[in-house]
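This report looks at side chains and how they meet. Please view the sequence and the structure before reading on.

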Amino acid sequence: MRGCREKLVPTSRGNPTPQSLRLGSMLTIVMVLLVVISLLTAALVRGSLLGIRRQQMAERVAQADLLLQAGRDRAVALWRGAGPAAFPDGQAVWELSADEVPGGGRVELRLAEERAGSPAHIDVMVTYPREGPTPVRREGRFELSMRSSVPPARSEEHTSELQSHSDLV
């Protein structure tokens, strides 16, 4: 092993070569670009997630509004059928299971105090979904009278005709 000597080339540690400067600059540029791409990707993912959450909230609000109207219709039907007796203790609760409405729901009907000479009113409070991280709550006050107008329910046949587009030209 004594006869096999490697030739040592002195390096200039204080003076980098132009080739090493170019390599260092390229690596720095690549690292900066990777950081920028990572930040842009994170911003896009965050924006997408926020959009999905907004869409889900809009769907919850729309469902709660529909339940509010259904609660009103139910209260009017109960009022027409039995009058104030339909609301023992001045209220009625309509619990909806997850089979009826995704996530379940709760509709509370409370008979408002009557004032002399004014028709009865009902307060409808909706919580949808019944459980979850962000339930939507809606409230409304509606007049109850024997002549309250409730839009007629559509028949299944009528609804299916509206949904069928196969006979359109």
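The model shown here is predicted. Ile 29, Leu 33 and Ile 37 make a nonpolar surface patch of about 300 Å². Of these residues, Ile 29 has its place in helix H1, which covers residues 18-82.

## Aromatic rings

A pair of aromatic rings is described by two values, the distance of the centres and the angle of the planes. The count for this model comes to 1 aromatic pair. Trp 79 and Phe 87 form that pair, with 6.5 Å from centre to centre and 35° between the planes. The pair counts as tilted, because planes under 30 degrees apart would be stacked and planes over 60 degrees apart would be edge-to-face. Are these two residues buried or exposed? Both Trp 79 and Phe 87 are buried.

Another ring, that of Trp 94, has a charge over it: the charged end of Arg 74 sits 4.2 Å from the ring centre.

## Salt bridges

How many salt bridges does a search of the whole structure find? The search finds 6 salt bridges. One of them joins the side chains of Asp 73 and Arg 72, at 3.0 Å from N to O. Asp 73 has a relative accessible area of 22%, so this residue is partly exposed. Arg 72 has a relative accessible area of 12% and is therefore buried. The cut-off between the two classes is 20%.

The side chains of Arg 110 and Glu 108 also meet in a salt bridge, at 2.7 Å from N to O. Arg 110 is partly exposed, with a relative accessible area of 38%, while Glu 108 counts as buried at 17% relative accessibility. Arg 110 and Glu 108 belong to a network of salt bridges that also links Glu 95 and Arg 106.

## A link between two strands

Arg 141 and Asp 123 form a salt bridge through their side chains, at 2.7 Å from N to O. Arg 141 lies in strand E4 (residues 136-144) and Asp 123 lies in strand E3 (residues 120-128), so the pair ties together parts that are 18 residues apart in sequence. Asp 123 counts as buried because its relative accessibility is 18%, and buried means under 20%.

Definitions and conventions: Residues are numbered from 1 along each chain as its sequence is written. This is a predicted model: local features need pLDDT of at least 70, side-chain atom pairs count only at pLDDT 80 or more; totals for chains, interfaces and linings use all residues. Side-chain values use heavy atoms; hydrogens and water are left out. Rings of Phe, Tyr and Trp (its six-membered ring) pair if their centres lie within 6.5 Å; planes under 30 degrees apart count as stacked, over 60 as edge-to-face and the rest as tilted. Buried means under 20% relative accessible area, exposed over 50%, partly exposed in between (1.4 Å probe, protein chains only). A charge sits over a ring if NZ of Lys or CZ of Arg is within 6 Å of the ring centre and within 35 degrees of the ring normal. Patches are made of residues with over 30% relative accessible area and no salt bridge: like charges are joined within 9 Å, nonpolar side chains (Val, Leu, Ile, Met, Phe, Trp, Tyr) within 5 Å. Accessible areas come from the Shrake-Rupley method with a 1.4 Å probe; for residues, only the protein chains shown count as cover. A salt bridge is a side-chain nitrogen of Lys or Arg within 4 Å of a carboxyl oxygen of Asp or Glu. Helices (H or I, at least four residues) and strands (E, at least two) are DSSP runs, numbered from the N terminus.
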